[in-house]
Amino acid sequence: MEIDVAATPPPKPTVNSDSQTQDVSSSSSPLPLSLLRQWRQHAQRNMRNQWSKLASYRQQWASSSSSGRSHATSLVNAHLNRRYITSMELGILSEMPAIQARASQKLFKQQELHQRKLVLSYKEMLGVVTHMVNAAKSMRSFLRGGSSSPIMQFSSTSGDMNDTGDGGGIPLFAFLSISSLEQLAEELVQMFKFELALKRLIVVALLVINSEAPQGNELCWSDELYAGEFKDLIICNLYSKETSEPPFPRLKGSKSNVPDVRCTSLPNDQTLQNYITTWLAEVNLDMQRRKRVKI
């Protein structure tokens, strides 16, 4: 069964619509029948809006991921050209003094540029996941001012401990309640969280290949890649305050057995190619599952 929340139309009134609403409200909803209709209409609009946002964020992710792969590829190419430039046959260019040194310096500057852009792409993807998390947490509709208020207002935050924001668990679309739709959204957001952690690992690995030293820079998994990164990770629940670092990347359904991630040596050509391939594959994003929910 395919689920397209953003495009699901509201239920059309029928002759028995009142009795249907009465059946729904009498089952579990704590709201009076007069309020239930208004709440349901608002909740449906809000739910469509949040799922539309998730679809939009998915497109932003694709754009940032594509840019990140492009920068990573350019970074690797510049690094490999610089690595092997001293052994290249220059032909007639060998008569030009210091041409290899100047070319190497230029490639070094290109590496620095693409590294900065790669970190920026990662920052954008982290921002996208942050927005996804917020959208997934904003799917409930709470009654503002209480049921006795003369003007019905709704909010995405609760002002009443007794208001769960889900209409007592009644179906919102067909047989789908807010709770079930929240679980579906969380499943999707979790895919992007896993993929973001994996991409962060690749970024960490690629940030060590621009060192003038033979063994490269030492970069740890617990190092912040840009100012304020850990604050953004905390919002996404991707930072452990117990270990003071992000949780290690893993694939869905598996556990990470990496005790520490510390990049100190320069990777070989095949390893660099594997980094680019893994970035492109996005192994944590289940395409079939995403198609079923139309996101």
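Glu-112 is partly exposed, with a relative accessible area of 25%; the term covers values between the cut-offs for buried (under 20% relative accessible area) and exposed (over 50%), computed with a 1.4 Å probe and protein chains only. Lys-109 is also partly exposed, at 47%. Glu-112 and Lys-109 form a salt bridge in which the closest N and O atoms are 3.9 Å apart. A salt bridge here is a side-chain nitrogen of Lys or Arg within 4 Å of a carboxyl oxygen of Asp or Glu. Both residues belong to helix α3, where they are three residues apart, about one turn of the helix.

The model is a predicted one, in which local features need pLDDT of at least 70 and side-chain atom pairs count only at pLDDT 80 or more, while totals for chains, interfaces and linings use all residues. Residues are numbered from 1 along each chain as its sequence is written, and side-chain values use heavy atoms, with hydrogens and water left out.

The secondary structure of the chain comes to seven helices and six strands. Helices (H or I, at least four residues) and strands (E, at least two) are DSSP runs, numbered from the N terminus. Read from the N terminus, the order of elements is α-α-α-β-β-β-β-α-β-α-β-α-α.

The mean pLDDT, the predictor's confidence in each residue on a scale from 0 to 100, is 80 for the chain, and 71% of the residues score at least 70. A contact means heavy atoms within 4.5 Å.

Of the 295 residues of the chain, 42% count as buried. The chain exposes about 16,300 Å², of which carbon and sulfur atoms supply 53%; these areas come from the Shrake-Rupley method with a 1.4 Å probe, and for residues only the protein chains shown count as cover. Among contacts between residues at least 6 apart in sequence, 77% join residues at least 24 apart.

The interior comes next. In soluble globular proteins, nonpolar side chains tend to be buried together. The largest nonpolar core of this model has 60 residues, and those with the most contacts inside it are Trp-51 and Leu-206. Such a core is a set of buried Ala, Val, Leu, Ile, Met, Phe, Trp, Tyr and Cys residues joined through side-chain atoms within 4.5 Å. The elements that give two or more residues to this core are α2 (33–84), α3 (99–136), β3 (171–173), α4 (178–206), α5 (229–235) and α6 (269–281). Not counting residues up to four places away in sequence, Leu-206 touches Ala-72, Leu-75, Val-76, Gln-115, Leu-118, Leu-272 and Tyr-275.

Side chains of opposite charge can pair when their charged atoms come close. The structure holds seven salt bridges, one of them between Lys-199 and Glu-195, with the closest N and O atoms 2.6 Å apart. Apart from neighbours within four places in sequence, Lys-199 is in contact with Trp-61, Ser-65, Met-125, Trp-279 and Glu-282.

Another salt bridge joins the side chains of Arg-140 and Glu-182, at 3.0 Å from N to O. This pair links distant parts of the chain, with Arg-140 in the loop between α3 and β1 (142–144) and Glu-182 in helix α4, 42 residues apart. Glu-182 counts as buried, at 17% relative accessibility.

Asn-237 is exposed, with a relative accessible area of 60%. Ser-244 is in the loop between α5 and β6 as well, and its phi is near 55°, a positive value in a residue other than glycine. Ser-244 is partly exposed, with a relative accessible area of 43%.
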